[in-house]
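Trainee: I am new to this structure, and I would like to learn how to read a helix and what surrounds it. Could we look at it together?

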Amino acid sequence: MTRIKIVLCITGLFIFSNIKAQELSKEERKVEIFSSEEKDNLQLWFQDEVKRMDLNEEEMSQYSSIIVYYVAKIARLDDKDKEYSEERFKKELNSLLAKQDKELEDLLTPEQFEIHKEIYSEFLRSAYRRWGITND
């Protein structure tokens, strides 16, 4: 049951990243940094890594909700209509990550939060490479 929720939540995360814009069509507005196959692989990898946190069903549900919410927001930062500079993009990204971390720190034990940080940093390294930015 928990495995299904993880898969659904991670899938939801990528669905939320494709919400239509009012002024432009999705294709005109959205920048895709990962292919469908890469997204599938990331979902499987993320699911396997999250198991290390040993979350109960309620914690997993809350964790997934927080992750999906912030990943959807983060995925919209590079929309073409935003035209953020690299500096502004990083500022907005770091702001969202700080808010996400605060919510997760309140939910997770210190050990679980460290595992989350390890998993998420690997994901962010891949995203940074695709965005072509450096994380100072």
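**Reading helix H5**

Mentor: The face of H5 turned away from its buried side carries Glu87, Lys91 and Asp106, which are exposed (over 50% relative accessible area with a 1.4 Å probe and protein chains only, whereas buried means under 20% and partly exposed lies in between). This is a predicted model, in which local features need pLDDT of at least 70 and side-chain atom pairs count only at pLDDT 80 or more, while totals for chains, interfaces and linings use all residues. Residues are numbered from 1 along each chain as its sequence is written, and side-chain values use heavy atoms, with hydrogens and water left out.

Trainee: Which residues of H5 are buried?

Mentor: An α-helix has 3.6 residues a turn, so residues three or four places apart point the same way. In H5, the buried residues are Phe89, Lys90, Leu93, Leu96, Leu97, Gln100, Asp101, Leu104 and Leu107. They lie on the same side of H5, because they cover an arc of only 145 degrees around the axis, taken from the directions from the helix axis to the C-beta atoms.

Trainee: And how should I read a pocket, and which element gives the most to the lining of the largest pocket?

Mentor: Rolling a probe the size of a water molecule over the atoms shows where empty space is left. H6 gives the most to the lining of the largest pocket, with six residues, and H5 also supplies at least two. Among the 10 lining residues, Leu97, Lys117, Tyr120, Ser121 and Leu124 lie nearest the centre of this pocket (an open set of points on a 1 Å grid over the protein atoms alone, where a 1.4 Å probe fits, with protein on both sides within 12 Å along at least five of seven lines; lining residues have an atom within 4 Å of a point).

Conventions. Helix = DSSP H or I, 4+ residues; strand = E, 2+ residues; numbered from the N terminus.
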